[in-house]
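Hello, and thanks for taking a look at this one with me. Have the structure open while you read, and go through the points below in order.

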Amino acid sequence: MKIFSASQLKQADEITIKNQNITSEELMERAATQVFEEIHRRLQGAQLPVKIFCGIGNNGGDGLVVGRMLLEHGYQVKVFVVNYSDKRSQDFLANYDKIKEVSNNWPELIKKEEDFPEINRGDFVIDAMFGIGLNRPIEGWVGKLVEHINNSRAFVLAIDMPSGLFSDKIPAKEDAVINANFTLTFQTPKLVFFLPQTMDYVGDIQVLDIGLDRDFLAETDTALELTGKAEARELYKPRKKNSHKGNYGHTLTVGGSYGKIGSILLTTTAALRTGAGLCTVFVPKCGYEIIQTGLPEAMVITDENFEMLTAIKTDLDADVVCFGMGAGRSEETVGAFKELLKKTKKPMLIDADGINILSENKDLLQLVPENSILTPHPKELQRLIGKWQDDFEKMEMVQRFCLEKKLIVVLKGAYTFIFDGTKISINTTGNPGMATAGSGDVLSGVIAAMLSQKYKPFAAARLGVYLHGKAGDLYAEENSYEALISGDIAENMGRAYLDLFKEENGKD
Ligand SMILES: NC(=O)C1=CN([C@@H]2O[C@H](COP(=O)(O)OP(=O)(O)OC[C@H]3O[C@@H](n4cnc5c(N)ncnc54)[C@H](OP(=O)(O)O)[C@@H]3O)[C@@H](O)[C@H]2O)[C@@H](O)CC1
Ligand SMILES: [K+]
C-alpha cells in the first residue's frame, strides 16, 4: 500500500471531486459515513456517553457528520465545537447546519478553559479537532483541552489523525498531541503512524477506503510503501515443479566465535527453513560439532583458529554470503572480513558484528559489493551513519547513505523500515515478543535465503522481513509474546509462507 503525503491527499481530494462530479461536501459525507459505520459496528448501539470534539476545518466537519449519524441512530452523543479560529470551512458550516436539523441536542461551543466538559473514564471520545491540516503546534487553551482529554483516560478514537500530530514533522516534547487508542484514517496510513517518535500516539490503525480517484492513486508515485500481505504475496515467486536444490542457491553463512556459535546456528537454520537450497557454515573450530549436531542439513567448514575467525578460506562459489552473527570484532576477524569483502562480488547480507566492524573501519565500506543488505538496529545504524535529530532526519540520512554506498539498509524496529536510496518500505508484521535474543540472527538467515533463491535485493529484504514478522506473529498468537524465542521464528517460517495464501476470513 502506498503511503501518500498530506499534499498528495489534498490533490487526490480535488481530482476526485472533479472526476466523480461530486461536491466536497459529498466526499466528506462519504468519508465520515465510513467512520460512522465502523464505530456503529463496534459499539452496536451501546449507550455509553459519546463526546465528539470537532475543530472548525474539514476534520471538524467529519466529526459533525459522524455526530449527526450517531444521533440519528439513537446514541447518547454530545458534540463540542472547539472554536480555535473563526475560519470555519464551508463543509464544516454546511454540516453544522445539518446537525442542528436532526436533533435539539445542538453542538456546544468551547472557547476557553472554563467551557471544558467533564470527561469520564467510561466515555467514548471522538477526536475531530485537527487532521492533515495542522500546520503549527496546538497552543493555549486548545492545548489544555488536549491534555484534559488525555488525562481523562477515556477511550479516544481519532478521525484521520490524532490532533496535534503533523503529517511531516515530529512534534516538540512540549507540544499537545492527542493520545488515541484507535485511529480511523482516510485512504492511506500516514508516515508518522510508523515512526518510533510518533507511533505511540495513534493506537490501533484502520485505513478506510473513501474511494479517491483510482487512476490518480495508481499513477502517483510515492517513495513510501507499506508491505502487508497483498504486497508480500505479489513479491513471492512460486517454485517450479521441475527444479532442484541448485535453483535455490547456495548460502554461505560466516560468523560465530567461542560462546557465540548459537547465533550462526540460528541464522543457518532460518536460511534453510526459508528455502535456501544448500547451506555451508564457516565457523571457528569450536563451532564444528555444534553446527554438525544442531543442523545436520548444513555443511561446515572451519577456520584454523579455535575461538574466532581469522581467515575465511573456501573455494566455494556461494550465491550469497552472510556475515557477522556472533563473529566478534577482534583484529584477526576484521582482517578476515576485509579479505572476504575483497573476493565477494555478489550482494551480501551483513549483520551484527559485520556492521560494527564497518562502523569502526569505514574504509571497508567501499569493498562491500553493490546492493548488499545491511540489517542494523538503531544503535548499530547510529554507529554507522552518525546521530540524527529526529526520525525524519534519520530517514534522509539513511537514504543518502544507501545512495552513496549503493546499499540496502534494513532498519530493525517495532516497524522495520527498508531503504534502498529512493524507496522506503515499511513492514507491517512482527510483535513485541520478537524483541528477544537472536531474532536478528534469524532475520539475517531469512533474507540471505531470499537472495539465494534469486529474489532481487530490495524484494528479498521486503519479503524476508515480512515473513520473519509473520512467523513471529503466528507463534505468538498461540503461545504469547513472552514465551517466544528466536528459534520459534525459524520453526514457523513454513506457516508464514502458507499464510500468504490464506484469506483473512480463513478461507484459502
Ligand atoms: N483529503 C482527503 O482525503 C479528505 C479529507 N477529509 C478531512 O479533511 C481533513 C483536513 O481538513 P483541513 O484541510 O480543513 O484541515 P484540518 O486538519 O481540519 O485543520 C483545520 C484548519 O486549522 C488551522 N490550523 C492548523 N493548525 C492549527 C493550530 N495549531 N491552531 C489553530 N488552527 C490551526 C488551519 O488553517 P489556518 O489557520 O492555517 O488557515 C487548518 O486548515 C482531513 O484530515 C480529513 O479529516 C475528508 O473530509 C474528506 C477527504
Ligand atoms: K483528529
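Where is the place of Ser-163? Ser-163 sits in the loop between strand S5 (155–159) and strand S6 (182–186); helices here (H or I, at least four residues) and strands (E, at least two) are DSSP runs, numbered from the N terminus.

1. A word on the model before going further. This is a predicted model, in which local features need pLDDT of at least 70 and side-chain atom pairs count only at pLDDT 80 or more, while totals for chains, interfaces and linings use all residues. Residues are numbered from 1 along each chain as its sequence is written, and chains are lettered from A and ligands numbered from 1 in the order in which they are written.

2. Now the overall layout. The protein is divided into domain 1 (6–221) and domain 2 (246–499), with bounds that come from an automatic or database domain assignment. Their C-alpha centres lie 42 Å apart. Across the boundary, 7 residues of domain 1 are in contact with 7 residues of domain 2, contact meaning that the C-beta atoms, placed from the backbone, lie within 7 Å. The side of domain 1 that touches domain 2 has 5 nonpolar, 1 polar and 1 charged residues. For these classes, Ala, Val, Leu, Ile, Met, Phe, Trp, Tyr, Cys and Pro count as nonpolar, Asp, Glu, Lys and Arg as charged, and the others, Gly among them, as polar.

3. Asp-127 belongs to strand S4 (residues 124–128). Is Asp-127 buried or exposed? Asp-127 is buried, with 29 other C-beta atoms within 10 Å, and Ser-163 is buried too, with 28. The cut-offs are 20 or more such atoms within 10 Å for buried, 12 or fewer for exposed, and partly exposed in between. Leaving out residues up to four places away in sequence, Asp-127 touches Ser-163 and also, among others, Phe-53 and Ile-178.

4. Please look at ligand 1 next. It is surrounded by 31 residues, the closest being Gly-57, Asn-58, Asn-59, Gly-131 and Gly-133; a residue counts here if its C-beta atom, placed from the backbone, lies within 6 Å. Helix H1 (6–19), helix H2 (24–43) and helix H3 (58–72) each supply at least two residues of this shell, and H3 gives the most, with 5 residues. By class, the shell divides into 13 nonpolar, 12 polar and 6 charged residues.

5. Finally, helix H11 (residues 353–360) deserves a visit. Here 6 of the 8 residues are buried, so H11 is largely enclosed by the rest of the structure. The buried residues are Asp-353, Gly-354, Ile-355, Asn-356, Ile-357 and Leu-358. What covers them includes helix H10 (331–343) and helix H12 (378–385).

Methods. Contact = placed C-beta atoms within 7 Å.
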